[in-house]
Amino acid sequence: RYNCQSAMILNRNLKQSVVCHYALLMLIPLLLLSCKGVNDISFTGVDNFEFRGMQNNKISFSASVGVSNPSSIGFKVSEVNLKTSIDGVYIGTLTSDNTIRVPARTDSSYNMDFKITLSNLITGASTLYNASRKKKVEVEMNGYVKARSWLTIKKVDVNEKQLIDVPSINR
């Protein structure tokens with residue numbers, strides 16, 4: 001009788017284990033697909049620059065970032081880390097720890113706080129000053145944005161080069 005009970009318990013545990021494995025196998029493709037559409041996003045522009053301050057070699061500012069998400073999957077942007085150049089001159093790394101939620105099938109703007117850590121204070125400051133005197137500058141950004149959808153986190157590579165309007169500051 002003891003061996004029969006042990007066999008029944010072992011059989012029940014084996015069935016539960018098989019069910020768990022099948023459930024896990026069904027869940028894996030779902031998790032892999034949950035961030036698939038994150039690659040489809042595009043940045044539609046940057047507006048409303050607001051200088052927040054400068055401390056040591058870090059410049060803080062906020063801006064409204066336009067994001068178009070045509071996919072059927074919403075996600076959260078949890079980290080931004082971009083090497084930034086203005087008119088071909090590397091100025092430093094742009095970061096943001098803001099978390100923003102981007103719903104599926106939207107084209108919206110999101111206010112975010114940013115910091116740019118200047119690689120060289122003198123070069124960075126003079127490049128930013130020269131840029132403030134122009135109407136348009138070419139901004140190049142290379143790095144990544146971390147996006148989270150459901151239980152997965154995906155690092156999306158960013159390689160953007162755009163000509164942007166410089167906000168007027170008494171040119």
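Let's start at the tip of a helix: Asn 120 caps the N-terminal end of α2, with a side-chain oxygen 3.0 Å from the backbone nitrogen of Ile 122. That is a polar contact, meaning a pair of N or O atoms within 3.5 Å; within protein, one must be able to donate a hydrogen and the other to accept it, and residues adjacent in sequence count only if both atoms are side-chain atoms.

A quick word on the model: it is predicted, local features need pLDDT of at least 70, side-chain atom pairs count only at pLDDT 80 or more, and totals for chains, interfaces and linings use all residues. Residues are numbered from 1 along each chain as its sequence is written, and side-chain values use heavy atoms, leaving out hydrogens and water.

Now the helix itself. With twelve residues (121–132), α2 reaches 16 Å from its first C-alpha to its last, close to the 16 Å expected at 1.5 Å a residue. (The expected span is 1.5 Å times one less than the number of residues; helices are DSSP runs of H or I with at least four residues, strands are runs of E with at least two, numbered from the N terminus.) Which residues of α2 are buried? They are Gly 124, Thr 127, Ala 131 and Ser 132, where buried means under 20% relative accessible area, exposed over 50% and partly exposed in between, using a 1.4 Å probe and protein chains only. These residues sit on the same side of α2 because they cover an arc of only 135 degrees around the axis, taken from the directions from the helix axis to the C-beta atoms. Their cover includes β3, β4, β6 and β7.

On to the strands, which pair if DSSP finds at least two bridges between them.

| Pair | Sense | Bridges | Facing residues |
|---|---|---|---|
| β2 and β6 | antiparallel | twelve | Phe 61 and Phe 114 |
| β4 and β6 | antiparallel | four | Thr 93 and Thr 117 |

Phe 114 turns up again in the largest nonpolar core, which has 27 residues; Val 77, Val 102 and Phe 114 have the most contacts inside it. Such a core is a set of buried Ala, Val, Leu, Ile, Met, Phe, Trp, Tyr and Cys residues joined through side-chain atoms within 4.5 Å.

Not counting residues up to four places away in sequence, Asn 98 touches Val 77, Ser 78, Met 112 and Asp 113, with contact meaning heavy atoms within 4.5 Å. A polar atom of its side chain lies 2.5 Å from the backbone nitrogen of Asp 113.

Terms used
The expected span of a helix is 1.5 Å times one less than its number of residues.
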